[in-house]
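Trainee: I would like to learn how to read the features of a protein model. Please show me with an example.

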Amino acid sequence: MILLADKQDITRAGLMHVADSIGSGLEYRYVENKAALVEALKTHNDATVFIDYTLFDIGDVSDMQIIAQRFQSSLWILFSDELSYEFISLTVGTSRQFGIVLKDSPLNEIREALLYASNHHRYICQHIAEMMLNPPTHDERRSPVENLTKTETEILKLIALGLTTKEIAERRFSSFHTINTHRKNIFRKLNVNNAHEATKLAIRAGLVDSAEYYI
């Protein structure tokens, strides 16, 4: 049994399409939140969890590890955008329960990951395997969020929590123009184009967690 834990409709539909194309009776089901995931694991304690950690209803890496330890026969394949080296070290580097395939991996790797999952085998995509064999230097590991000022960091957190520029201005007793200028500077320093991309970086940097993001 494969449990699909991904809140993006288009991604989930794509995974289902790939799974159906594999055939051979591959069984899967969708779980919409952490409570549903835990309940499914109670019934299928040896299931493979195909999960987008950065967007799913899980607070932090320790929260996910606790669930994995509770269901020690389960296997977890992390299916996300680019993940930090620190996160990879905490998961794949410390437990054979965790594997990784990236959302921008070639289709053949995503297909292989599902095939491995159907046979309850861990899968690590080529990009992550190379990263583990050739760890980035300290400077390469730095999050772009570290380049923000204290004020910019505080505003980024509010952006990630879903506040509009007007709402942030009201909360910080600042003008709309001032907050809008900060917003542009934040996006420039993070090299992102919109609030969604900025939010993903904020989550990875630990400014907010995915549970706060979905409230």
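The dialogue below goes from the whole chain to single residues.

Trainee: What should I know about the model before reading values from it?

Mentor: This is a predicted model, in which local features need pLDDT of at least 70 and side-chain atom pairs count only at pLDDT 80 or more, while totals for chains, interfaces and linings use all residues. Residues are numbered from 1 along each chain as its sequence is written, and side-chain values use heavy atoms, with hydrogens and water left out.

Trainee: How many helices and strands are there in the protein?

Mentor: Helices (H or I, at least four residues) and strands (E, at least two) are DSSP runs, numbered from the N terminus. The protein has twelve helices and five strands. Its radius of gyration is 19 Å, close to the 17 Å that the globule rule gives for 215 residues, so the protein is as compact as a globular protein of that length. The radius is taken over C-alpha atoms, and the rule is 2.2 Å times the number of residues to the power 0.38. Along the principal axes, the C-alpha trace spans about 60 × 35 × 30 Å.

Trainee: What percentage of the residues in the protein is buried?

Mentor: Buried means under 20% relative accessible area, exposed over 50%, and partly exposed in between (1.4 Å probe, protein chains only). Buried residues are 43% of the 215 in the protein.

Trainee: Which residues of helix H11 are buried?

Mentor: In H11, residues 195-204, the buried ones are Ala-198, Thr-199, Lys-200, Leu-201, Ala-202 and Ile-203. At the start of H11, a side-chain oxygen of Asn-194 comes to within 3.2 Å of the backbone nitrogen of His-196. Just after H11, Gly-206 has a positive phi of about 85°.

Trainee: Which residues have a positive phi although they are not glycines?

Mentor: His-120 and Asn-191 are two cases, each with a phi of about 60°. His-120 sits in the loop between helix H5 (107-118) and helix H6 (126-133), and is partly exposed at 33% relative accessibility. Asn-191 sits in the loop between H10 and H11, and is exposed, with a relative accessible area of 71%.

Trainee: Is Asp-6 buried or exposed?

Mentor: Asp-6 counts as buried because its relative accessibility is 1%. Asp-6 lies in the loop between strand S1 (2-5) and helix H1 (9-22).

Trainee: What does the side chain of Asp-6 make a polar contact with?

Mentor: A polar contact is a pair of N or O atoms within 3.5 Å; within protein, one must be able to donate a hydrogen and the other to accept it, and residues adjacent in sequence count only if both atoms are side-chain atoms. The partner of Asp-6 is the side chain of Lys-103, at 3.2 Å. A plain contact means heavy atoms within 4.5 Å. Not counting residues up to four places away in sequence, Asp-6 touches Thr-11, Arg-12, Tyr-30, Asp-52, Phe-56, Phe-79 and Lys-103.

Trainee: Where is Thr-91, and what does Thr-91 touch?

Mentor: Thr-91 is in helix H4, residues 85-91. Thr-91 counts as buried because its relative accessibility is 0%. Leaving out residues up to four places away in sequence, Thr-91 touches Val-61, Met-64, Leu-78 and Phe-98.

Trainee: How many residues apart in sequence are Asn-180 and Ile-168?

Mentor: Asn-180 and Ile-168 are twelve residues apart in sequence, and 9.5 Å apart in space, C-alpha to C-alpha. Asn-180 is in helix H10, residues 176-190, and is partly exposed, with a relative accessible area of 22%.
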